[in-house]
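Please keep the sequence and the model in view while reading.

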Amino acid sequence: MEARSTLSGAQQTSGQYLHLLGLSALNAYYMDRRGLTSVQLISDFAAIALGAITFLFAVGVKLLLSNLSFYGIGMVWLLVSYPFYDELRYRKLSKLEGARLDEIEATRGSRTIALDSITRAVLGGRTLSVYKRQAAILTLESNLGGRLVRPKTHRTLAYVLRPGPLVAIIFLISQAILVTAAVAPFFSGEQELYTTLWNSQRQTFQEASLFLQYWSIFSNNLGVALSGTVPAFGQFFLFVASYNTGRVIQVISIQASLPPQDVVAVLYLSPHSFLEELSYPLFSVLWIYYWSRGDRYTIHELAIRRRRNSVKVLVILAEFTLLLAVAALFEVAEPLLGLGGLLLWIPVGAGAVYLFWRSRMHRYTERN
């Protein structure tokens, strides 16, 4: 912006060095007095090659998690490929930054949008991030005037769509579905269906070794959780899984001659149940963590690998997977410990305190 402001009104900016101002998923943006110039960062061939290579990893995950849905495979593919995609973007940006505007305009895939050709612009901040942001906004406002629109999200909707409240909402809805399915009468044919399903799973599970029991629990839960990461569809999968769990609980209560409410109470007293049921909505809002910043990087953030949103999301994914791994370990250990299994609430409580402390520290760091 400083380089641009030194130019005279009649002088063209082509041939002058300008600061790199913005970055979206596919393009980098430069600004001068004429308008916005975008340049393609990743070639079609490189994007296809990267997609083909990372798809092999997604196929490997599918082989390990047989119950993973088609949509879940797509999310795994996306979450794994994007860090490598960011690296390709950064390497291209490293070559572009400091280049002259006329050189950028000659690059394949670049184009310039003149400010006087824009009839309406929406400043939503979803795809364009800048450093010296205020200066860039003032430049847009001075050139576009009333044509520039700043949409506002309703305060309540903005709060609900934050990861924390959304996790709580999805958790409560899924538990309400589970409890309702556990106590409500079966529809026609449901009892036989879920009884057959439960008897088959129980027999296979009891005949397996402790390690195979652990892997069966972990892989099944991870497959359900990854399927739940799909926007909109994932929440539907999660609620269907909650319904199925509730119906199986009712089958267990019938076979044990117990009220289903008692079986549900035992379920909630088990540490592994709390970890599993909490993990599912955490996975389910993983797309919120991803899309809440999306591609809104500043150039400095992209240069530091650990600050890239794609890397942060992978770290979060690994943490949630570890939570499911611990839950599966608890589920295998609790029957062996008997009432001593209640002591497992101690590490669960300690972990909850740590996560709360870390979230508070993260907010404090962001504010300062």
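Which residues have the most contacts inside the largest nonpolar core? The structure is a predicted model, in which local features need pLDDT of at least 70 and side-chain atom pairs count only at pLDDT 80 or more, while totals for chains, interfaces and linings use all residues. Residues are numbered from 1 along each chain as its sequence is written, and side-chain values use heavy atoms, with hydrogens and water left out.

## Nonpolar cores

The residues with the most contacts inside the largest nonpolar core are L68, V76, L222, L226, F283, L286 and L324, and this core has 30 residues. A nonpolar core is a set of buried Ala, Val, Leu, Ile, Met, Phe, Trp, Tyr and Cys residues joined through side-chain atoms within 4.5 Å. Buried means under 20% relative accessible area, exposed means over 50%, and partly exposed lies in between (1.4 Å probe, protein chains only).

At least two residues of this core are supplied by each of α2 (44-64), α3 (70-96), α7 (163-183), α9 (210-227), α12 (271-284) and α15 (309-337). Helix α15 provides the largest share, 8 residues. Helices (H or I, at least four residues) and strands (E, at least two) are DSSP runs, numbered from the N terminus. Another core, of 13 residues, lies apart from the largest one and includes A28, L50, L93 and L302.

One of the residues with the most contacts in the largest core is L286. When neighbours within four places in sequence are left aside, L286 is in contact (heavy atoms within 4.5 Å) with L79, T229, V313, I316, L317 and F320.

A pair of aromatic rings is described by the distance of the centres and the angle of the planes. Rings of Phe, Tyr and Trp (its six-membered ring) pair if their centres lie within 6.5 Å; planes under 30 degrees apart count as stacked, over 60 as edge-to-face and the rest as tilted. The structure holds 7 aromatic pairs.

One of them joins Y214 and F218, which are stacked at 6.2 Å centre to centre with 5 degrees between the planes. These two residues are separated by about one helical turn because they stand 4 residues apart in helix α9. Y214 is partly exposed, with a relative accessible area of 22%, whereas F218 counts as buried at 11%. F218 also pairs with W215 in a tilted arrangement, 5.8 Å centre to centre and 50 degrees between the planes. W215 and F218 are 3 residues apart in α9, about one turn of the helix, and W215 is partly exposed at 32% relative accessible area.

Is N221 buried or exposed? Its relative accessible area is 6%, so N221 is buried. Beyond its neighbours within four places in sequence, N221 is in contact with E276, Y280, L324 and E331.

Side chains of opposite charge can pair when their charged atoms come close. A salt bridge is a side-chain nitrogen of Lys or Arg within 4 Å of a carboxyl oxygen of Asp or Glu. A search of the whole structure finds 5 salt bridges, including those listed here.

| Salt bridge | N to O distance |
|---|---|
| E87 and R91 | 3.3 Å |
| E87 and R305 | 2.9 Å |
| E87 and R308 | 2.8 Å |

Salt bridges that share partners join E87, R91, R305 and R308 into one network. Both E87 and R91 belong to helix α3, where they are 4 residues apart, about one turn of the helix. R305 lies in the loop between α14 (299-303) and α15, 218 residues from E87. R308 lies in the loop between α14 and α15 and E87 in α3, so their pair ties together parts that are 221 residues apart in sequence.

E87 counts as buried at 15% relative accessibility, and R308 is buried as well. R305, in contrast, is partly exposed at 47%.

## The crossing of α7 and α11

How do two helices pack against each other in this model? The axes of α7 and helix α11 (residues 260-269) come within 9 Å and cross at roughly 145 degrees. Axes are lines fitted to C-alpha atoms, for helices over the stretch in contact, and angles run from 0 to 180 degrees between N-to-C directions. From α7, the contact is made by Q175, L178, V179, A182 and V183, and from α11 by P260, Q261, V264, L267 and Y268.
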